[in-house]
Structure formats: structure tokens, C-alpha cells
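Let's take a friendly tour of a protein model. Have the sequence and the 3D view ready, and follow along one topic at a time.

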Amino acid sequence: MSEISFTGTAFYEFLKEHKLMGSHCPHCGTVYAPPRPFCPTCMAADLEWVELSGAGKLASYSVIAIAPTAMLEAGYGRENLYCSGVVELAEGTRISAQILGVDVAHPENIVIGTPVKVAFIERGEGEARKTFLGFEVIA
Ligand SMILES: [Zn+2]
């Protein structure tokens, strides 16, 4: 599986297929998402793609009012806040993404450690259609 290089582009191509992929070090077992081409833990360079479970828990978050361009285009901003967070995946790696299903109007109610699962967010139409990584709170 390792003939696809460990780039952000490849990561997003997998997201389009609704797969959350990371890289796995066959020597020390560490998993990285987004994928890394080599293992900073043991310096191995022959990592393998691995599909992740998508299960995790919220490790940190912020509610965003001053949105970057891509999120403004998606309709977020001062009038429509969104939550950006870091999720600790079941595989032990941490990844940042939009967090869905939280009460952005009352950030004090958002709890660190809340279980979440991967969500694939589709935005745009036709050629401009893209899949973004998100996580949603498990109800
Ligand atoms: Zn390693």
C-alpha cells in the first residue's frame, strides 16, 4: 500500500472516499495522522498506510468567530460560529478538525474527553466539491 506517498494531497483523496487514513510504523507501532513519511520515534522510513477507526475523544477546542477564507466561503463567521478542535484518536495520534454537534453558542458546555467519531464534510458543487475532515459528538 505504500506506493502512494504520504502527502496532504493523498490524505484528502482518501477523505473523498470517506476513509480516514494515517501512516503506521511497522517497527515501533506508532500511528500518525495526518500521515508522516518517516517515523520520528524510531527513524524508520518504511511506513505503511493504515485506515483509522475514526473513533476518538475531544482533546482541545476553540469556537471560532474570525474564520479563515475557506470557512467564510462555507458560511461560517461572526454570525455562524463553528468549533475547531483537536481529537485524540483511538490509535493514539492527534489530529485537528472541525467538531460537529457541539453547542457553539455555549462553549462552556463543551467537555474535553467527549467521545467523537469521524465525519466527512462535503462542501462545494461539481468540480469544486471537496471533502473535509470533521468529527461529531457521539449522541
Ligand atoms: Zn517507528
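M43 is found in the loop between β2 and β3, and phi of this residue is near 70 degrees, a positive value in a residue other than glycine. Keep in mind as you explore that this is a predicted model.

**Loops and backbone angles**

- Is M43 buried or exposed? M43 has 10 C-beta neighbours inside 10 Å, so M43 counts as exposed, because the cut-off for exposed is 12 or fewer.
- The loop between β2 (31-32) and β3 (48-51) also holds P34.
- The peptide bond that leads from A33 to P34 is cis, and its omega is near -5 degrees.
- In the loop between α1 and β1 (21-24) you will find H18, a residue other than glycine whose phi is positive, near 60 degrees.
- H18 counts as exposed because it has 12 C-beta neighbours inside 10 Å.

**The largest nonpolar core**

- In soluble globular proteins, nonpolar side chains tend to be buried together.
- Here the largest nonpolar core has 20 residues, and V87, A97, I99 and F135 touch the most other members.
- Elements giving two or more residues to this core include α1 (8-16), β4 (55-64) and β8 (130-137).
- β5 provides the largest share of this core, with four residues.
- Why does this core lie between domain 1 and domain 2? Domain 1 (8-51) and domain 2 (55-137) both give residues to the core, so it lies between them.

**A look at F135**

- Leaving out residues up to four places away in sequence, F135 touches several residues, among them G56, V87, A97, I99 and V116.

Methods:
Residues numbered from 1 in each chain as written. Predicted model: local features only at pLDDT ≥ 70, side-chain atom pairs only at ≥ 80, totals over all residues. Core = buried A, V, L, I, M, F, W, Y, C linked by C-beta atoms within 7 Å. Domains from an automatic or database assignment. Contact = placed C-beta atoms within 7 Å.
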